[in-house]
Amino acid sequence: MDTVQGSLEEAAAATFTRPLPKTARAQMRFLVHQAKGSTRAVAGLLGISQRTVERYLTGQFKRPRPDLAARLTEEVRKRWQPRVRERARQQAATTGGLVIETRARFGFTAAPGTTDDSRIRRITQHLPPQYAARLFTAQAAGADEQQLREIAAEGLQDIYFKDRGRRAEGLQVEFTDIDYVTIDY
């Protein structure tokens, strides 16, 4: 994953206690149940006709075309086990924190006479719960990718580069050119 947003979503999906429904019929049934029985709402969500949704529910259609299959799986994943997902986020935000692994370009703004040349680094670092809470709050508020990157950069700056304030006092870290970022909690 090359985005913080995508990595947070993948980390949430890793907390599921049951697998996603596999067949298109089971996925449609789940979405219709989530929409309180409205096949019209599911049709609008997936960009297909209401009759097509009904045909999947009755078993007349079994194999969706690839683009519909991808949309269907994505919509089910977004709505699958919300309480399990919330419990895992709550634990990460209060006690556990999260682990961020990334390979990206880190540049610095530091005191004169120090090197501030940016370079690619691979970092795996545990971030404390307050950074997890800030990331989850920003994500829930609809923050864009840049804002999420700034929070992650601030966490890495404080924990990895500044060693919780024990060194590099004036250092400011820039988190750019992300090759990949993986978050786990």
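Because the model is predicted, local features are described where pLDDT is at least 70 and side-chain atom pairs count only at pLDDT 80 or more, while totals for chains, interfaces and linings use all residues. Residues are numbered from 1 along each chain as its sequence is written, and side-chain values use heavy atoms, with hydrogens and water left out.

**Helix 6**

Begin by selecting residues 82–96, which form helix 6; helices (H or I, at least four residues) and strands (E, at least two) are DSSP runs, numbered from the N terminus. Colour Val84, Arg85, Ala88, Arg89 and Ala92, which are buried, a term that here means under 20% relative accessible area, with exposed meaning over 50% and partly exposed in between (1.4 Å probe, protein chains only). These residues lie on the same side of helix 6 because they cover an arc of only 135 degrees around the axis, the arc being that of the directions from the helix axis to the C-beta atoms. An α-helix has 3.6 residues a turn, so residues three or four places apart point the same way.

Turn to the face directed away from that buried side, and select the exposed residues Pro82, Arg83, Arg87, Gln91 and Thr95. Following helix 6 is Gly97, which has a positive phi, near 75 degrees.

**Helix 5 and Leu72**

Within helix 5, select Leu72, which counts as buried because its relative accessibility is 1%. When neighbours within four places in sequence are left aside, Leu72 is in contact with Ala24, Gln27, Met28, Leu31 and Leu46, contact meaning heavy atoms within 4.5 Å.

**Helix 2 against helix 4**

Next display helix 2 together with helix 4 (residues 50–58), whose axes come within 8 Å and cross at roughly 120 degrees; such axes are lines fitted to C-alpha atoms, for helices over the stretch in contact, with angles running from 0 to 180 degrees between N-to-C directions. That angle makes helix 2 oblique to helix 4, since angles under 35 degrees count as roughly parallel, over 145 as roughly antiparallel, 65 to 115 as roughly perpendicular and the rest as oblique. Show the side chains where the two meet: Ala24, Arg25, Met28, Arg29 and Val32 in helix 2, with Val53, Tyr56, Leu57 and Thr58 in helix 4.

**Aromatic pairs**

Rings of Phe, Tyr and Trp (its six-membered ring) pair if their centres lie within 6.5 Å, and planes under 30 degrees apart count as stacked, over 60 as edge-to-face and the rest as tilted. The count by this rule is four aromatic pairs. Select Phe30 and Trp80, an edge-to-face pair at 5.1 Å centre to centre with 65 degrees between the planes. This pair links distant parts of the chain, with Phe30 in helix 2 (residues 24–34) and Trp80, 50 residues apart from it, in the loop between helix 5 and helix 6. Both residues, Phe30 and Trp80, are buried.

Move on to Tyr160 and Phe161, whose ring centres are 4.8 Å apart and whose planes stand at 85 degrees, so this pair is edge-to-face. Tyr160 counts as partly exposed at 30% relative accessibility, whereas Phe161, at 7%, counts as buried.

**Strand 1 and Ile100**

Finish at Ile100 in strand 1 (residues 98–109), which is buried with a relative accessible area of 1%. Beyond its neighbours within four places in sequence, Ile100 has contacts that include Ile123, Leu127, Ala152, Leu156 and Val181.
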